Amino acid sequence: MMKRNLWLLLAVIALAVGPLVYHGKDAEFAGSDNQAEQAITALDPDYKPWAAPLWEPPSGEIESLLFALQAAIGAGLLGYYFGRRRGLAEAGGKPQDHAAH
Amino acid sequence: MHIMEGYLPAGHCIGWAAASAPFVIVGLRRITRVVREHPQVKMLLAASGAYVFVLSALKLPSVTGSCSHPTGTGLAASLFGPTVTTVLSAIVLLFQALLLAHGGLTTLGANIFSMGIVGPFVAYGLYRGIQAIGLGSAIAIFTAATLGDLATYVTTSFQLAIAFPDPASGIVGAAVKFLGIFAVTQVPLAISEGLLTVVVWNLLSKYSKGELAILSNLSRKAA
């Protein structure tokens, strides 16, 4: 199973690296959400967004900090879950949660 | 798939919020019931939510020369059903709207509809359907996660096309434009999400047999 997962992960990496190699320096790799924003402005030049975010990350650095935080929280939890399950499986115990107590 | 704050007319915002609200309510009730009746699956529920957190933070490059991110909802939808996934998606979308200025509060209803409702329902239907015809759970989970992800971005494209029809070619013309931005970019990312979800699925089938058994009984009883 581990070998199969390794191949699957390699395929995911290839799918991410492929576009970078293929486009080289001629693509901007801008976010599709921003492209949609531009398309809206092109379709309806008179449209004015009627609400603005309550708070915006003050810089690209802070934004990437928060995105990294989001991924870290998720990955941390996933790692904890599988670590615990694997430990229980190897100890021969049944998966039980004591969190309810 | 995040429609930015203020980028949908007010009427549309209200309409999508009204459409999404019942699913959130049903999902919350279902989570309460599942956790009360089967406290053993609480950690798997948290892990499924964590998976949505990770995948929706990963902005990946695509063949179109732009970037987008997967949704991560196919796993939770296949395990816990679509409405539970609606709630998980709503939490992630709220986090991103408040802290990342990604998406927005006015567009929350529309974004929940694409990421938390259409995607998970497509994924759940495919997962169940493919298992029922006996093609095996790896193929079922791959197809569910991949096409559920894609369905979310197709939905966003149509939501925007309805709000901003092309002056010459109407809603269809605008849909083609938005699909070009969202859906085409999403194809390789959706495949990546499918592959990653199979990786997690393989780990679950090895280490979490007990929970998977409880959940498969559960979803046979009620979607």
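**Helix packing and contact between the chains**

In chain B, helices H3(B) and H4(B) pass each other in a right-handed crossing (left-handed if the near helix is turned anticlockwise from the far one by less than a right angle, right-handed if clockwise). The model is predicted: local features need pLDDT of at least 70 and side-chain atom pairs count only at pLDDT 80 or more, whereas totals for chains, interfaces and linings use all residues. Residues are numbered from 1 along each chain as its sequence is written, with chains lettered from A and ligands numbered from 1 in the order in which they are written. Helices (H or I, at least four residues) and strands (E, at least two) are DSSP runs, numbered from the N terminus.

H3(B) covers residues 73–80, and its axis lies 7 Å from that of H4(B), at an angle of about 140° (axes are lines fitted to C-alpha atoms, for helices over the stretch in contact; angles run from 0 to 180 degrees between N-to-C directions). From H3(B), the residues B:Thr73, B:Ala76, B:Ala77 and B:Phe80 meet B:Pro82, B:Val84, B:Thr85, B:Leu88 and B:Ser89 of H4(B) (contact: C-beta atoms, placed from the backbone, within 7 Å). This contact consists of six nonpolar and three polar residues, with no charged residues (Ala, Val, Leu, Ile, Met, Phe, Trp, Tyr, Cys and Pro count as nonpolar, Asp, Glu, Lys and Arg as charged, and the others, Gly among them, as polar).

The crossing of H6(B) with H7(B) is right-handed. In this contact there are 22 nonpolar, seven polar and two charged residues.

Taken as a whole, chain B contains eight helices and two strands. Their order from the N terminus is α-α-β-β-α-α-α-α-α-α. The C-alpha trace of chain B spans about 55 × 35 × 30 Å along its principal axes. Its radius of gyration is 17 Å, which agrees with the value near 17 Å for a compact globule of 223 residues (taken over C-alpha atoms; the globule rule is 2.2 Å times the number of residues to the power 0.38).

Chain A has three helices and one strand, in the order α-β-α-α along the sequence. The radius of gyration of chain A is 22 Å, well over the 13 Å given by the globule rule for 101 residues, so chain A is more spread out than a compact globule. The principal axes of its C-alpha trace span about 65 × 40 × 25 Å.

Each chain contributes 57 residues to the contact between chain A and chain B. On the chain B side, at least two residues each come from H2 (42–57), S1 (60–61), S2 (66–68), H4 (82–99), H7 and H8 (209–221). H7(B) gives the most to this side, with 17 residues. The chain B side is made up of 36 nonpolar, 14 polar and seven charged residues.

One helix pair spans the two chains. H3(A), residues 60–90, and H2(B) cross at roughly 145°, and their axes come within 8 Å. The crossing of H3(A) and H2(B) is left-handed. Among the residues that meet are A:Phe67, A:Leu77 and A:Tyr81 from H3(A), and B:Met43, B:Tyr51 and B:Phe53 from H2(B). The contact of H3(A) with H2(B) comprises 15 nonpolar and two polar residues, and no charged ones.

S1(A), residues 30–31, runs parallel to S2(B) and is joined to S2(B) by two bridges. Within this arrangement A:Gly31 stands opposite B:Cys67 of S2(B).

Notes:
Two residues are in contact if their C-beta atoms, placed from the backbone, lie within 7 Å. Two strands pair if DSSP finds at least two bridges between them.
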